[in-house]
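Let's work through a few exercises on a protein model. Try each task by yourself before you read the solution.

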Amino acid sequence: MSFYGENGKIWFNGEIMDWKDAKIDVLSHVVHYGSSVFEGIRCYDTKKGPAIFRLEDHVKRLYDSAKIYSMEMKFTEKEMCEAIKETIHINNAKSCYIRPIVFFGFEELGVFPLNCPVETAVATWAWGKYLGEEALDEGIDCCVSSWRKIAPDTMPALAKAGSNYMNSQLAKIEAVKNGYKESILLNYEGNIAEGTGENIFLVKDNELYTPSKDCSILDGITRNSVIKLAKDEGITVKEERLPREFLYTCDEVFFTGTAAEITPIRTVDKIKVGKGKKGPITDKLQEKLFEIFNAEVEDKFNWLTFI
C-alpha cells in the first residue's frame, strides 16, 4: 500500500487541501462511537485512460448508508461523483483506490449524534492486490471464524458503516494470528455470511451459489457485478442460505470485493477446496471482470466512468 503523504491532496468538506491539513478534532463523534459510513472504489489505468469502476453505484450505496444512520448529506450524489473525479485528477492518479467517507464530527459528546456536524472527505492512494500479488492466481488459505457476523436486529449489515468493521477486525486478527490469510464469518443462524471485507461465492456442479442479502451481508458492488457476469455467461446463480459444510464439499470458492476483486480460496480450515487451486468458473469470471476493468471489451453494462 502506497500513500501520497504530504505531496497528496484530499477533498474535505468541499475543498481540496494538502493531505497533512485534512484533520479532525480528537473529540469528534466518530472517534468515540464509530459513527462513519464509507465506500471503497477502484480506478483502473486502462488503455483508454483512467476509469472508475461503477462510480455512481458506489456513491448511491454511500448515500443509502448515510440515510440509515440519519446523516444529512451536504452534497448531492452528483457533486460527490465530481469530488471523487476531482480528487483523482488533482493527485494525477492513473490507478488508485478511492475512499469517500462521511462521519459525525465534533459539537458535543454523547451517544446521540445528530447535534454533531456531518463531515465528508475523499482520499485516493495506490493499493495493489489486497490479499497479496499471488492470491489472484494461487488462491488463499482461510478459516471459519469463531466470531459470528452481526445479526440483522443488532446493526444493519447492508450499511457500509465503519462500526461494522470492528466485527470484521476480530475475525481478521484471529485468522492472521492462526496462520490464515483471511476469515469467513457465519451469520447468527450458523450459515455462511461473508469474509471480513469481501462477499463469498461457491461453485457446485457448475452452478454458482452466494449467501442471500438476508444473511447479514453487505450488498457488494463487485458481488452484484459477478452475478450479472455469470448470468451473462449462462451460469446458473443461486442466492440462498448456505450451511457451513458447503464450504468443504463444493468445487470452488472465491471472494469478491473492490479491494479483493476476485480472489480464489484454495483451503478452508485446512481442507482443500476442490483441487486446491483456482477452478474453471472462478477463472472465467475473473477473466471477464478484468477485461472490463481494463477496458479490453465493450462496456455493455456501462460500469466504467473515464476521467
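**Exercise 1: a pair on one helix**

Is Glu-82 buried, partly exposed or exposed, going by its relative accessibility? Keep in mind that you're looking at a predicted model. Then work out which salt bridge Glu-82 forms.

*Solution.* Start with the cut-offs: buried means under 20% relative accessible area, and exposed means over 50%. Glu-82 has 40% relative accessibility, so it counts as partly exposed. Next, look for a partner: Glu-82 forms a salt bridge with Lys-85, and their closest N and O atoms are 2.9 Å apart. Now check where the two sit. Both belong to helix α3, three residues apart, which is about one turn of the helix. Lys-85 is partly exposed as well, because its relative accessible area is 22%. The general idea is that side chains of opposite charge can pair when their charged atoms come close.

**Exercise 2: pairs that link parts of the chain**

Find the salt bridge between Lys-149 and Glu-194, and the one between Asp-269 and Arg-244. Which parts of the chain does each pair tie together?

*Solution.* Take Lys-149 and Glu-194: the closest N and O atoms of this salt bridge are 2.7 Å apart. Lys-149 lies in the loop between β8 and α5, while Glu-194 is in strand β10, so the pair ties together parts that are 45 residues apart in sequence. Are these two buried or exposed? Lys-149 is buried, with a relative accessible area of 8%, and Glu-194 is buried too, at 5%.

Now for Asp-269 and Arg-244, where the closest N and O atoms are 3.2 Å apart. Asp-269 is in the loop between β15 and β16, and Arg-244 is in the loop between β13 and α7, so this pair ties together parts that are 25 residues apart in sequence. Asp-269 counts as partly exposed at 22% relative accessibility, and so does Arg-244 at 33%.

**Exercise 3: inside and outside**

How many residues does the largest nonpolar core have, and which have the most contacts inside it?

*Solution.* The largest nonpolar core has 26 residues, and those with the most contacts inside it are Ile-52, Met-80, Ile-84, Ile-88 and Ile-98. The elements giving two or more residues to this core are β4, α2, α3, β6 and β7. Zoom in on Met-80: leaving aside neighbours within four places in sequence, Met-80 is in contact with Trp-11, Val-59, Leu-62, Tyr-63, Thr-120 and Val-122. Apart from this core lies another one, of 24 residues, among them Val-226, Ile-235, Phe-254 and Ala-295.

Val-26, Leu-27, Tyr-33, Phe-106, Leu-109 and Val-111 make a nonpolar surface patch of about 550 Å². Leu-109 is found in the loop between β6 and β7, and its relative accessible area of 43% means that Leu-109 is partly exposed.

**Exercise 4: positive phi without glycine**

Glu-261 and Asn-302 both have a positive phi although neither is a glycine. Where does each one lie?

*Solution.* Glu-261 has phi near 55 degrees and lies in strand β15. For Asn-302, phi is about 55 degrees, and its place is in the loop between α8 and β17. Now compare burial: Glu-261 is buried, with a relative accessible area of 1%, whereas Asn-302 counts as exposed at 66%.

Conventions. Residues numbered from 1 in each chain as written. Predicted model: local features only at pLDDT ≥ 70, side-chain atom pairs only at ≥ 80, totals over all residues. Heavy atoms only, no water. Core = buried A, V, L, I, M, F, W, Y, C linked by side-chain atoms within 4.5 Å. Buried < 20%, exposed > 50% of the residue type's maximum accessible area, 1.4 Å probe, protein only. Helix = DSSP H or I, 4+ residues; strand = E, 2+ residues; numbered from the N terminus. Contact = heavy atoms within 4.5 Å. Patch = residues over 30% accessible without salt bridge, like charges linked within 9 Å, V, L, I, M, F, W, Y side chains within 5 Å. Areas by Shrake-Rupley, 256 points an atom, 1.4 Å probe, with all protein chains shown as cover. Salt bridge = Lys/Arg side-chain N within 4 Å of Asp/Glu carboxyl O.
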